[in-house]
Amino acid sequence: MFPAKLAASLLGSALLLTPVLARDDGRYDHSALKSWLQSLQSEFGKCCTDADGYIVSDADWESSRGRYRVLIDGEWVLVPDGAVVTEPNRFGRTMVWRHYIDGHPRVRCFMPGFMT
């Protein structure tokens, strides 16, 4: 029989490794930007297909020589050129839509904002 602490640790680890599917919970149903955000896409497909985007603070992304990097879960991730959303950013803030491969974050879509 496992000690209680070991069992709790294993359960906690399993929860961290389990992918979480984002779902539209309806809290932004009346937002003027909802349909625009849902229409965004990169060369990898629609941004909101597998995950909701989240805001990235200015300190957690950078641009150098036409390439972007973004800090996701403590790891700097190079944004593939095909992941950059090319239409104007009506929201204003930098956003990223992420997914994971082999436990490492990857960028599905990235929309640079206006650095302040």
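The legends below describe close-up views of a predicted model.

In this predicted model, local features need pLDDT of at least 70 and side-chain atom pairs count only at pLDDT 80 or more, while totals for chains, interfaces and linings use all residues. Residues are numbered from 1 along each chain as its sequence is written, and side-chain values use heavy atoms, with hydrogens and water left out.

**View 1. The largest nonpolar core has 12 residues.** A nonpolar core is a set of buried Ala, Val, Leu, Ile, Met, Phe, Trp, Tyr and Cys residues joined through side-chain atoms within 4.5 Å, where buried means under 20% relative accessible area, exposed over 50% and partly exposed in between (1.4 Å probe, protein chains only). Among the members of this core are Val56, Trp61, Tyr68, Val70, Ile72 and Phe110. Strand 5 (67–72) and strand 8 (104–111) are the elements that give two or more residues to this core, and strand 5 gives the largest share, three residues; strands (E, at least two residues) are DSSP runs, numbered from the N terminus.

**View 2. Phe110 and its contacts.** Contact means heavy atoms within 4.5 Å. Leaving aside neighbours within four places in sequence, Phe110 is in contact with residues including Trp61, Tyr68, Val79, Thr94 and Trp97.

View 3. Four bridges join strand 4 to strand 5, and the bridge partner of Trp61 in strand 5 is Val70.

**View 4. Ser42 in strand 1 (residues 41–42).** Ser42 is buried, because its relative accessible area is 11%. A polar atom of the Ser42 side chain lies 2.9 Å from the backbone oxygen of Arg108.

**View 5. Tyr100 in strand 7 (residues 95–101).** With a relative accessible area of 42%, Tyr100 is partly exposed. The Tyr100 side chain makes a polar contact of 2.3 Å with the side chain of Asp73, and another polar contact, of 3.4 Å, joins the side chains of Tyr100 and Arg98. A polar contact is a pair of N or O atoms within 3.5 Å; within protein, one must be able to donate a hydrogen and the other to accept it, and residues adjacent in sequence count only if both atoms are side-chain atoms.

Terms used. Pairing = 2+ DSSP bridges.
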